[in-house]
Amino acid sequence: MQIVRGLAAIVGVAMVLMGLLWILQGLDIVRWPASSFMLGDIVWTRNGAVLAVLGIVLIWLGRKRA
């Protein structure tokens, strides 16, 4: 069970980082890659926020004591 909780925390961190990237791309702050369809699209800001929140939940569940 310890391995599953550790894996959940690692996946959660990856989700938070990806969500932050999507938020910044959606807000047109990060323009990488330059030809991305996500740049300046507010839908990707919302998607990134949802992904980041889900990642935080996974981190919390992964660190929660049984």
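Trainee: Is Ile-29 buried or exposed?
Mentor: This is a predicted model, and Ile-29 sits in the loop between helix 1 and helix 2. The class of exposed begins over 50% relative accessible area. Ile-29 has 57% relative accessibility, so the residue counts as exposed.

Trainee: Which residues form a nonpolar patch on the surface?
Mentor: Ile-29 lies in the loop between helix 1 (2–26) and helix 2 (42–63), and Ile-29 is one of the residues in the patch. Together the patch residues have about 430 Å² of accessible area. The members are Leu-24, Leu-27, Ile-29, Ile-42 and Val-43.

Trainee: What separates the C-alpha atoms of Ile-29 and Leu-39?
Mentor: Along the chain, Ile-29 and Leu-39 are 10 residues apart.

Trainee: Which residue meets Asp-28 in a salt bridge?
Mentor: Asp-28 is in the loop between helix 1 and helix 2, and its relative accessible area of 36% makes the residue partly exposed. The structure holds one salt bridge. The N to O distance in that bridge is 2.4 Å, and the partner of Asp-28 is Arg-31.

Trainee: What is phi of Asp-28?
Mentor: Most residues other than glycine have a negative phi. Asp-28 is a residue other than glycine with a positive value, and its phi is near 65°.

Trainee: Which peptide bond is cis?
Mentor: Most peptide bonds are trans. Pro-33 has its place in the loop between helix 1 and helix 2. With omega near -10°, the cis bond is the one from Trp-32 to Pro-33.

Trainee: Is Gln-25 buried or exposed?
Mentor: Gln-25 belongs to helix 1. Buried means under 20% relative accessible area. The value for Gln-25 is 3%, so the residue is buried.

Trainee: Which backbone oxygen does the side chain of Gln-25 reach?
Mentor: Neighbours within four places in sequence left aside, Gln-25 is in contact with several residues, including Val-30, Trp-32 and Pro-33. Ser-36, Met-38, Leu-39 and Gly-40 are also among them. At 2.2 Å, the side chain of Gln-25 reaches the backbone oxygen of Trp-32.

Trainee: How many aromatic pairs does a search of the whole structure find, and what is the geometry of Trp-22 and Trp-44?
Mentor: The search finds two aromatic pairs. In the pair of Trp-22 and Trp-44, the distance is 5.1 Å centre to centre. The angle between the planes is 80°, and planes over 60 degrees apart count as edge-to-face. The pair of Trp-22 and Trp-44 is therefore edge-to-face.

Trainee: How many residues apart are Trp-22 and Trp-44?
Mentor: Trp-22 is in helix 1 and Trp-44 is in helix 2. The pair links distant parts of the chain, and its two residues are 22 residues apart.

Trainee: Why is the pair of Phe-37 and Trp-44 edge-to-face?
Mentor: The ring centres of Phe-37 and Trp-44 are 5.8 Å apart. The pair counts as edge-to-face because its planes are at 70°.

Trainee: Which residues form one aromatic cluster?
Mentor: Trp-44 pairs with Trp-22, and Trp-44 also pairs with Phe-37. The cluster is made of Trp-22, Phe-37 and Trp-44.

Definitions and conventions. Residues are numbered from 1 along each chain as its sequence is written. Side-chain values use heavy atoms; hydrogens and water are left out. Patches are made of residues with over 30% relative accessible area and no salt bridge: like charges are joined within 9 Å, nonpolar side chains (Val, Leu, Ile, Met, Phe, Trp, Tyr) within 5 Å. Accessible areas come from the Shrake-Rupley method with a 1.4 Å probe; for residues, only the protein chains shown count as cover. A salt bridge is a side-chain nitrogen of Lys or Arg within 4 Å of a carboxyl oxygen of Asp or Glu. Helices (H or I, at least four residues) and strands (E, at least two) are DSSP runs, numbered from the N terminus. Rings of Phe, Tyr and Trp (its six-membered ring) pair if their centres lie within 6.5 Å; planes under 30 degrees apart count as stacked, over 60 as edge-to-face and the rest as tilted. Buried means under 20% relative accessible area, exposed over 50%, partly exposed in between (1.4 Å probe, protein chains only). A polar contact is a pair of N or O atoms within 3.5 Å; within protein, one must be able to donate a hydrogen and the other to accept it, and residues adjacent in sequence count only if both atoms are side-chain atoms. Contact means heavy atoms within 4.5 Å.
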